[in-house]
Amino acid sequence: MTAKYSCFLLCFSTFLLLFTGSCKHPNKDSTGEEVFPSTAVGDTSLKLNTLRLPEGFQITTFAERIDGARSMALGDKGTLFVGSRTENTLYAVIDGDSDHKADQIMVLDTTLNTPNGVAFKDGSLYVAEVNRLLRYDAIEENLDQLPEPVVIYDDYPDEFHHGWKYIAFGPDEKLYVPVGAPCNICDSAVVDKRFASITRMDPDGGNREIVAHGVRNTVGFTWHPQTKELWFTDNGRDMMGDDVPPCELNRLGEVGQHFGYPFCHGSSVVDPEFGNDKSCEDYVPPIQDLGAHVAPLSVKFYEGTMFPESFKKYAFIAEHGSWNRSKKVGYRISLVELDGNTAVGYTTFIDGWLDEESQERWGRPVDILFLEDGSMLISDDFGDAIYRVTYKDNSIAMVE
Ligand SMILES: [Ca+2]
Ligand SMILES: [Ca+2]
């Protein structure tokens, strides 16, 4: 039994299903260095005052001490559901008094197999394990006593490598479920066509089909607010050096398109092993080549009214950050500026989770979710937190 799991069991016996976060060592700092006091939040291991945001934006913590916080989904009654990857835990985060600060973090289950993906529809929570999809009906009425889930399917590949899933419902009411390549680089579709693909299905699991091929490992996707097309990130392969190949932001123009993996990476990198008799022209190129190894996860478009109108031209991307590059990159929220379906810029929205000079990191952004008030939530599976980004136009007051 792992120490972490024992810790959760202890929590269970102490707090029943109510998790208050006391399992985590209060002075834990993931980087091991001296804790830098933060004026922005109560938890001093989160160095929020080192984060850089554009003029007028602020960041605070929405919730702290959520071990391995990954994908987020919002219930109709305001419950924020949070999945995890290596922690095998499903959380419910409650902001009971609507002051944009979590009041309660509930551990719903600690026995799931890599429950990275969460989605909410018609009162039910959908949770993607590696090979199973579960549905918890009327979950917001039953948080204290988790209902027995309905197993929608249990026959997806069970390889852990890239097996953790991001899931979301599209405007077509279908649930989109990717299946990563079970390797760094391999022609896995020969073994099972579902590998390195994005699938979709009816909410009850019916009519399952592949909508995109040649996708190495997407852990974040969304639909464009105007075109309703699927946009997704993809993590580039490893072991080709620090700067090759790029990670990707992609757009699915039509069902069945092939996005290149394992033959072609980014817009023009032919794979040295699998691409010898292939041409990148035969595959759909990314909208934007992202940085090599930045590990892009969530991608979202802004439809709210809190941020300036100009932010609607961007795709927001959570770059989890590199693990195998000689100098770390990513560890930020980036912006891809769009003119229609064409990228015209690739810049930073928020950074500072990585100290460039010392190469120490204290956070890794995973998922982005916009709340009804137009503010932005960001999950962090390294800092074990969820942040909230708001905007206030101070220039108006200054002019008056
Ligand atoms: Ca609150
Ligand atoms: Ca590609």
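In which sense, parallel or antiparallel, do strand β17 and β21 pair, and over how many bridges?

Strand β17 (residues 247-252) pairs with β21 in the antiparallel sense, over three bridges, where strands are DSSP runs of E with at least two residues, numbered from the N terminus, and two strands pair if DSSP finds at least two bridges between them. Within this pairing, L249 has Q288 of β21 as its bridge partner. Both strands belong to an open sheet of four strands in the order β15-β16-β17-β21, with antiparallel pairing, and its edge strands, β15 (221-223) and β21 (288-290), each pair on one side only.

This is a predicted model, in which local features need pLDDT of at least 70 and side-chain atom pairs count only at pLDDT 80 or more, while totals for chains, interfaces and linings use all residues. Residues are numbered from 1 along each chain as its sequence is written, and chains are lettered from A and ligands numbered from 1 in the order in which they are written.

## A hairpin

Strand β7 (residues 117-121) runs antiparallel to strand β8 (residues 124-128), and five bridges join them, with V118 standing opposite V127 in β8. The hairpin has two residues between its strands, and D122 takes a positive phi near 50° there. Four of the five residues of β7 are buried, that is, 20 or more other C-beta atoms, placed from the backbone, lie within 10 Å of their own.

Notes:
A residue is buried if 20 or more other C-beta atoms lie within 10 Å of its own, exposed if 12 or fewer, and partly exposed in between; C-beta atoms are placed from the backbone.
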